[in-house]
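Please read them with the structure open.

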Amino acid sequence: MSELNTEAISVQFQGLRALDSVDLSLKEGEILGLLGPNGAGKTTLVNVISGFQRPTEGTVRVDGKSVGGLTPDALARCGVARTFQSVRLFRRLSVLENVEISALCHAKSRNEARSTARRALEFVGLGPVARRLAGELPYADERRVGIARALALRPRFLLLDEPAAGMTDSECRDLVEIVRQLPQSFGCAVLLIEHNIGLVMEVCNRLHVLNGGRTLADGPVETVRNNPDVIAAYLGGA
Amino acid sequence: MNIVQLLVDAASLGSQYALVALGIGLVFGVMRMINFAHGDLIMIGAYALVVPTAADLAAPLIGAWPFPLLIAGILCVVTLVALATERFAFRALRKRGADGSTLLISSFAVSYLIQSLVLFIHTGRPKSVSIFGALTQQVTIHGVRVGLVDIVTIIVTILLLLGLSLYLRRSRAGIEIRAAAEDFTMARMLGVRADRAIALAFGLSGILAAAVSLLYVAKTGVLDFRMGVPLAIAGFVGTVIGGMGSLPGAVLGGFSLGAASMLLQALLPAELRPARDAFVYGLVIVVLLFRPQGLFVTGNAGERI
């Protein structure tokens, strides 16, 4: 069974300790919610896992093997993919080409990449707009292209950084369905960073809560939800 | 001067500048660096036609080969030099996280290095080559006499642009370069191999530079170790007025610049013609005042975080 782990990850930005000895695990087939108030270190942790931020201490392991020091592109080839809060599509490329780019990573030919890309786009419900320029898409659709683009990398571990930010309620419901099907349809574990508590409770199997750079709680949704520390630090204050 | 002749001349110089601007634009796209040595790649290609010697008379070297071999030979020389500059002058700097201005300085160093080497081998005296004698004649089309070399320049440019655009659209490497040109960091995050995309952009810019070498020598018949400098500047200005980071913009910007120079050359009163470049670059400033993002970049292509 494949697994992604962080072991005692700490990140120090000058005077600020953004992460302090965080252990997180993400197992095959699960959807793990990463929660925490603003500044808790969620995005920093995702940056470390995806190779954008070097940890001051600690290691990241994929299936027990250290992937510390790998660049983001090498990590993507190891099966760790992520989306970004700012989606940053290639606006002058078509929607399909945007997804093809990442599909090329594992594909033997342009045709193979194209069909992987089509499948990912159909999955997020954007099949009909594949030929349009990415710059013309509405905001919510851009975010879905972002997910398709990460999926086309055929990740075993998919990190979704606030995918619902700025979405309407009905767009959020569509998103819930998409995220829920990810482990089944693409065989990847999902790490979901999200402010929308309702969404997190609905799709996640397990929660990992950060506060001030430390792990506050980690466990099944029901347990964490009723944890008094979590209520005090996060849910209560929200 | 006949209006058709004038338009052909304008399109010919415009084509030449468009090829230079596209070569510079391709590299800028993947590296955010203006490669001022691009003009010297063109110069290298031109000098490769003749035997390297300090003698005044330039005996043909690659220039004596049969035509298809000659073209292939110049393409190889220039592309290899382009790849070598990438490998030895820029890659190491890039790996150490050098920013655009450091790379720019490095490109100046490469430019002067190439110029000094050619100066050392060939001396600084311009040499004349008449390798493409057949192209220097005039042809008459519907009663209008135009230079054959200008027609060839325009046709070659159109073919190169079509070929390159097909390549960038259809091939696996092409889509990677286009994505990298728009957002290099993001392209890397999605698994595009930076070294390969950059080397490829340099290779393609080398092919374009080689084409300009041949077209330039065919037109002027003169070799000068500084011949690349004004071309590089024209190409750079072309990419700026076209809109940095946009490949079609580079082509159109370069073309506009060349065409405008040629038109001003013909239309300015005789006593003002020596100051032609002042008018051309004055126009460039006016253009940039009104369209700082470039002429051919659409409004919403800007950065959005």
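1. Charge in chain A. The 28 positive and 27 negative charges of chain A have mean positions that lie 7 Å apart. Please bear in mind throughout that this is a predicted model.

2. Overall form of chain A. Nine helices and 10 strands are assigned in chain A. Its C-alpha atoms fill a box of roughly 50 × 40 × 35 Å along the principal axes.

3. Burial and contacts in chain A. Of the 238 residues in chain A, 56% are buried. Among contacts in chain A with a separation of 6 or more, 67% are between residues 24 or more positions apart. Chain A exposes about 9700 Å², and carbon and sulfur atoms supply 48% of that area.

4. Salt bridges in chain A. The search of the whole structure gives 26 salt bridges over all chains. One of them joins the side chains of A:Arg206 and A:Asp218, at 2.8 Å from N to O. A:Arg206 lies in strand 9 (residues 206-211) and A:Asp218 in strand 10 (residues 214-220) of chain A, so the pair ties together parts 12 residues apart in sequence. A:Arg206 counts as buried because its relative accessibility is 13%, whereas A:Asp218, at 40%, is partly exposed.

5. A second pair in chain A. The side chains of A:Arg17 and A:Asp20 also meet in a salt bridge, at 3.4 Å from N to O. Here A:Arg17 is partly exposed at 31% relative accessibility, and A:Asp20 is buried at 17%.

6. B:Arg91 forms a salt bridge with B:Glu86, with the closest N and O atoms 3.1 Å apart. B:Arg91 is buried, with a relative accessible area of 17%; B:Glu86 is buried too, at 1%. Both belong to a network of salt bridges that also links B:Arg94, B:Lys95 and B:Asp195.

7. Helix 2 of chain B. How many residues of helix 2 (residues 38-47) of chain B are buried? The count is 10 of 10, including B:His38, B:Asp40 and B:Tyr47. The buried residues of this helix pack against several elements of chain B, among them helix 1 (3-31), helix 3 (67-95) and helix 9.

8. B:Gly235. This residue is found in helix 9 (residues 228-242) of chain B and counts as buried, at 0% relative accessibility. Leaving aside neighbours within four places in sequence, B:Gly235 is in contact with B:Val20, B:Ala21 and B:Ile24. B:Ala260 is 25 residues from B:Gly235 in sequence and 14 Å away in space, C-alpha to C-alpha.

Technical notes. Residues are numbered from 1 along each chain as its sequence is written. Chains are lettered from A and ligands numbered from 1 in the order in which they are written. This is a predicted model: local features need pLDDT of at least 70, side-chain atom pairs count only at pLDDT 80 or more; totals for chains, interfaces and linings use all residues. Side-chain values use heavy atoms; hydrogens and water are left out. Helices (H or I, at least four residues) and strands (E, at least two) are DSSP runs, numbered from the N terminus. Buried means under 20% relative accessible area, exposed over 50%, partly exposed in between (1.4 Å probe, protein chains only). Contact means heavy atoms within 4.5 Å. Accessible areas come from the Shrake-Rupley method with a 1.4 Å probe; for residues, only the protein chains shown count as cover. Lys and Arg count as positive and Asp and Glu as negative; His and the chain ends are not counted. The place of a charge is taken as NZ of Lys, CZ of Arg, CG of Asp or CD of Glu. A salt bridge is a side-chain nitrogen of Lys or Arg within 4 Å of a carboxyl oxygen of Asp or Glu.
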